[in-house]
Amino acid sequence: LALALDKDFIEAYRSRAAALYKQKKFEAGVKDYREVEKRTDQPDAELLLNLADGYLMAENFTAARSYLDKVIQGGRKETPLLMKRARCLVELEEFAAAIKDLDDIIASGDKSLDVFLEKARAHVSMNNAKAAMETLGKALELEPSNATILYNIALLKEELGELKDAVLDYN
């Protein structure tokens, strides 16, 4: 009703968008956040991030990347933002750019399992099994009993022709 009475009631769009996101209706939520963006002279980083998140959840990686770029270019370079952009870049098959973001995260001191797994995924997508295996080795140092990591290392070893080692890792 608030928007029926006042089409320029920005906070109503913002609140409805947040409620739609909670219902997992990301495309509708993005539409409302876009209305806020259109009606705002200078959209703040929070609005841009909300748009990026909605586009990510709707799997519109091009739009998500665009909004993440705006926030990052605005000076925010926290790990979660770089990680989201790296995931977009992998989905968009811009693997070298994704690896650069992931390397920046690692250089900042964040050496988490997710970062190494995403980096390995990018290397695999570039058909660089050796680099992927090195990256998975770093992930394995963090979680030595992670079956998924061991399985993926075995797959890569098999691809590289290291069959005996692959069988050991499969075991």
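Author: Rings of Phe, Tyr and Trp pair if their centres lie within 6.5 Å; planes under 30 degrees apart count as stacked, and over 60 as edge-to-face. In this predicted model, that rule gives 4 aromatic pairs. In one of them, the ring centres of tyrosine 21 and tyrosine 33 are 5.2 Å apart and the planes meet at 75°, so the pair is edge-to-face.

Reader: Which helices hold tyrosine 21 and tyrosine 33?

Author: Tyrosine 21 belongs to helix α2 (residues 10–22) and tyrosine 33 to helix α3 (residues 26–38), 12 residues apart.

Reader: How are the planes of tyrosine 55 and tyrosine 67 arranged?

Author: A pair of aromatic rings is described by the distance of the centres and the angle of the planes. For tyrosine 55 and tyrosine 67 these are 5.8 Å and 15°, a stacked pair. The pair links helix α4 (residues 45–57), which holds tyrosine 55, to helix α5 (residues 61–73), which holds tyrosine 67.

Reader: Are tyrosine 55 and tyrosine 67 buried or exposed?

Author: Buried means under 20% relative accessible area. Tyrosine 55 has 14%, so tyrosine 55 is buried; tyrosine 67, at 6%, also counts as buried.

Reader: Which residues of α10 are buried?

Author: They are Ile149, Ile153, Ala154, Leu156 and Lys157. These residues cover an arc of only 165° around the axis, and therefore lie on the same side of α10. On the other side of α10, Ala147, Thr148 and Glu159 are exposed.

Conventions: Residues are numbered from 1 along each chain as its sequence is written. This is a predicted model: local features need pLDDT of at least 70, side-chain atom pairs count only at pLDDT 80 or more; totals for chains, interfaces and linings use all residues. Side-chain values use heavy atoms; hydrogens and water are left out. Buried means under 20% relative accessible area, exposed over 50%, partly exposed in between (1.4 Å probe, protein chains only). Helices (H or I, at least four residues) and strands (E, at least two) are DSSP runs, numbered from the N terminus. The arc is that of the directions from the helix axis to the C-beta atoms. Rings of Phe, Tyr and Trp (its six-membered ring) pair if their centres lie within 6.5 Å; planes under 30 degrees apart count as stacked, over 60 as edge-to-face and the rest as tilted.
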